[in-house]
Amino acid sequence: HQPWIEHNESQARSGLQWLAARPQSPSLAGAGFTQADVTTIAMYDFTRIVNARLIPDGKYPRLDALATHCSDVHAFRDTRPVASVDQANPSLEKISS
């Protein structure tokens with residue numbers, strides 16, 4: 001199965017590199033927040049949890065900045081994984097209701 005794993009991880013890295021290379025703006029698709037941002041950050045956060053080595057610290061500063069920005073958005077903040085499952089940022093505390 002290792003060749004298939006390597007193939008999929010290569011695709012994931014290529015996609016991350018493409019997203020990180022998008023033109024600078026407040027969001028991925030221009031000035032406004034879109035589904036592209038929601039989908040990208042959901043994927044980015046999930047990948048950091050399930051396979052953190054695909055997103056080493058500092059590798060994708062543009063996506064890190066977007067993820068940080070999104071963490072201030074109510075919908076993201078309230079659904080962020082808690083520290084016990086977040087390998088990328090174990091300092092996160094459980095969000096109180």
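So, burial to begin with: the protein has 97 residues, and 26% of them count as buried, where buried means under 20% relative accessible area, exposed means over 50%, and partly exposed is in between, with a 1.4 Å probe and protein chains only. Before I go on, this is a predicted model, so local features need pLDDT of at least 70 and side-chain atom pairs count only at pLDDT 80 or more, while totals for chains, interfaces and linings use all residues. Numbering starts from 1 along each chain as its sequence is written, and side-chain values use heavy atoms, with hydrogens and water left out.

The accessible surface comes to about 6500 Å², and 58% of that belongs to carbon and sulfur atoms; the areas are Shrake-Rupley with a 1.4 Å probe, and for residues only the protein chains shown count as cover.

Now the fold. Looking at contacts with a separation of 6 or more, 56% come from residues 24 or more positions apart, contact being heavy atoms within 4.5 Å.

Let me stay on α2 for a bit. This helix has 16 residues and spans 22 Å from first C-alpha to last, close to the 22 Å expected at 1.5 Å a residue; the expected span is 1.5 Å times one less than the number of residues. At the N-terminal end there's a cap: a side-chain oxygen of Thr34 lies 3.1 Å from the backbone nitrogen of Ala36. The buried residues of α2 include Thr40, Ile41, Tyr44 and Ile49, but also Asp37, Asp45 and Arg48. And what covers the buried residues of α2? The cover includes α1, α3 and α4, which is residues 74-77.

Which residues have the most contacts inside the largest nonpolar core? They're Leu16, Ile41, Tyr44, Ile55, Tyr60 and Leu63, in a core of 13 residues. By nonpolar core I mean a set of buried Ala, Val, Leu, Ile, Met, Phe, Trp, Tyr and Cys residues joined through side-chain atoms within 4.5 Å. Helices α1, α2 and α3 each give two or more residues to this core, and α3 gives the most, with four.

Tyr44 is the one I'd click on. This tyrosine lies in helix α2 and is buried, at 0% relative accessible area. Leaving out neighbours within four places in sequence, Tyr44 touches Leu16, Ile55, Tyr60, Leu63, Asp64 and Ala67. Take Ile55 from that set: 11 residues apart along the chain, the C-alpha atoms of Tyr44 and Ile55 are separated by 8.3 Å.

As a reminder, side chains of opposite charge can pair when their charged atoms come close. The model holds four salt bridges, each one a side-chain nitrogen of Lys or Arg within 4 Å of a carboxyl oxygen of Asp or Glu.

Glu9 is the one to zoom in on. At 10% relative accessibility, Glu9 counts as buried. One of its partners is Arg13, at 4.0 Å, N to O, and that arginine is partly exposed at 29%. Because Glu9 and Arg13 are four residues apart in helix α1, residues 2-20, they're separated by about one helical turn.

The other pairing is Glu9 with Arg53, at 2.6 Å, N to O. Arg53 sits in the loop between α2 and α3 while Glu9 is in α1, so this pair ties together parts that are 44 residues apart in sequence. Arg53 itself is exposed, at 56%.

Asn51 is in the loop between α2 and α3, is buried at 19%, and its side chain makes a 3.0 Å polar contact with that of Glu9. A polar contact is a pair of N or O atoms within 3.5 Å; within protein, one must be able to donate a hydrogen and the other to accept it, and residues adjacent in sequence count only if both atoms are side-chain atoms.

Elsewhere, Asp78 and Arg77 also form a salt bridge, at 3.9 Å, N to O. Here Asp78 is partly exposed at 40%, and Arg77 is partly exposed at 37%. As for shared partners, Glu9, Arg13 and Arg53 are joined into one network.
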